[in-house]
Amino acid sequence: MKGWYNRTEAFVYLEKRGNIHVFRFIIALCAGKILSFAIHVLGPILHKNGTHLPGNIALKIDPLFLRHIGKPETIVAVTGTNGKTTTNNLIIDALEKNGYKVLSNRYGSNVDSGIASALLQGVSLFNRPKFKLGILEVDERSSLRVYKYVHPKYVVVTNLMRDSLMRNAHPQYIFDIIEQALPDDATLILNADDLLSNRLKPQNPRIYYGIGHQPGDTAESRNLINDVQICPNCHSKLQYHILRYNSIGRAVCPHCGLTSPEADVCTLKIDREDRVLTMRLGAAPFDFPMISDSIFNIYNETAAVALLDQLGLSHEKIAEAFSTMQVVKSRYREDKVRGIRILSTMTKGWIAPACSAVFDYVSQLPGEKQLVLYLEDPTDPIFYSELLAYTFETDFEFLNKDNIQRIIVIGKRARDFYLRMLLAGIPEERLAWTETIEGIKRYLKPKFGVDIHILYDLHQAVHYDQIRANVIAAIEEAKL
Amino acid sequence: MMRIEVLYAETANLYGDNFGINYLKQSLPEVEIIHTGLTEVPRFVTEEIDLVYMGPMPESSQELAIEALRPHMEAVRRRIDEGKVFLMTGNAFEIFGAYIENEDGTRIPGLELFGGYAKRRMMNRFNGMFLGSMQDMDGQELKILGFKSQFTHFYGDTGVDFAFKRLRGKGLNPDAEGEGVRIKNFIGTYLIGPLLVVNPLFAVYIMKLCGAEDPHPAFEKTAMEAYEVRLKEFTDPEHQY
């Protein structure tokens, strides 16, 4: 172990006595606590979050900090490519509304340093846990570092899909990491409709959740990518009888007979009009308030119900808690300027299924619309010239709709996005590109009754106000 | 009519690189695209195919692809001798080497079309940019741009030519002078992008190799502008990569 402390006599003495771990941990705990307090006080003044910092410093001082820190009796981990934040928040909110005191990392990072920060908050100065229950969102790539020392009793897995190819490579790679990291005794809450993630740790106790057959379900793929096309047992081509998006659906292998598992907790009926989800999770079906009507969030809500049920919350109490909840709208805003609706949606660039989901959602909204896209990520630390391979896995084809009158793409890589949209078959006359945000004013043609959608990458959030200001300027200049 | 066979796209489909074949289709609408699955006999074994393509895949699928192709290696060699075009992008070309070495030292025997071996480092993903060059059919230098995102490098004596001369970035391995492998019209490269979309001139070169007369890349003006902008970035001495 390198570091200033390994050269000190005190260190050598303590190491010989076997006390060095304790010594290191005490320093890490104190440093982390002081930093947490400083961030708590100064954060709002400096407009800095820095929630991973205390954990980061603690881990630097004591690399085994996650082992040494006191933990809640019961820990639930929520992981998966898409939907883990939403699912995590639904679980925490439902528990808190029912009087539970929950330790979580919901306002912080989901990698090991973020989890260390959360656990820091959950102990006294004497390392005594202050919480009985911890709900932790865990980044999939961090599984090996986290689960080695933080043993979850339950692990909720939303799905495994394509993520940043630079970091996460491909879903099978992430599957292998989680498979290797998960404790053998954790009860897994798995998506019955994801034939990749639901094969994790087959010997572990497990509860499957899913969505039953719904009107409008098809077996046809609408997406460019599906990562579960071959049978995991015999490698024959799978036959899907329901395919909702990407690899999420229900399949059978015509060769060896492998099928998607039956869901123990199953959303049987989706009533969008009355906003009710009828689920089977016991003797009789039970109605829960529908928190969001998108299929992605119905999966998340079903996963949350499956976990809450395991934690012993009654169906009535879950339903009551859900009745006043909504999916966090930090990624969605809507307002009106001079009678024109501006709808803003933040998406995750580099993650094809996430972008495709947003494109699908926006394209299916009724009414005429114009789109402003700012999806590039100029902060890419590895590729000075950004790698846009993910755009060729993203369904820009969804945007080829007659009611999408115009799409303006912004940024240094605007030509690449423009080319991608031409290759998606979108007519040239509906497309425009500009390198600058100010260029929006030149190409946007505001009209009454035509909504303007701003779709921007997470990393472009800092430019959101500027983008919106230019959209508003275009509306003002149009003199409607 | 030109025919392109895409091998094992049900699993060899990572990083959007297969979209390059879509790009060729949009450049030459009359092209016939054939998809061959892991459990099927490749068409090139018995039929005239102008381009055989295979894209990047998960590591576990490399073993499936090796086993699927092993019975047809005589046909692969015959078609290469005949001058047919094979394009393998990402880690697809690795399966044609002597072997793939896992982190624990175990080896997965390859198809031995050429020598050398790929070495996996699964917790050490390599990401990088690459600028290289090659000669087109008229002897003109063609600049090749590409990206790398992989767990492996390729080592040892391949016994064959590089596909591209290295100008900037890392080649087959951090010490290699070139990138990829080339045997007649068999081109294997780690580069992704998608390679054919990011390099419209290379797409033209491939179409010519396949026998197309005076081919033009789809949306040529925009594609070439994007290429020129990127080329400027890739050659910018201010930026290291």
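User: How many residues of chain B are in contact with chain A?

Analyst: Two residues are in contact if their C-beta atoms, placed from the backbone, lie within 7 Å. Here, 37 residues of chain B are in contact with 28 of chain A. This is a predicted model, in which local features need pLDDT of at least 70 and side-chain atom pairs count only at pLDDT 80 or more, while totals for chains, interfaces and linings use all residues. Residues are numbered from 1 along each chain as its sequence is written, and chains are lettered from A and ligands numbered from 1 in the order in which they are written.

User: Which element gives the largest share of that side of chain B?

Analyst: Helices (H or I, at least four residues) and strands (E, at least two) are DSSP runs, numbered from the N terminus. Helix H6 (220–235) of chain B gives eight residues, the largest share. H1, H2, E8 and E9 of chain B are also among the elements that each supply at least two.

User: Now the sheet: what is the strand order in chain B?

Analyst: Two strands pair if DSSP finds at least two bridges between them. The open sheet of six strands runs E2-E1-E3-E4-E14-E13 in chain B, with mixed pairing. Its edge strands, E2 (32–36) and E13 (181–183), each pair on one side only.

User: How many bridges join E13(B) to E14(B)?

Analyst: Three, and the two strands run antiparallel. For example, Arg182(B) has Ile187(B) in E14(B) as its bridge partner.

User: Which strands does helix H1 of chain B touch?

Analyst: Helix H1 (residues 19–27) packs on the sheet, touching E1, E2 and E3 of chain B.

Note on methods. Axes fitted to C-alpha atoms, helices over the stretch in contact; angles between N-to-C directions.
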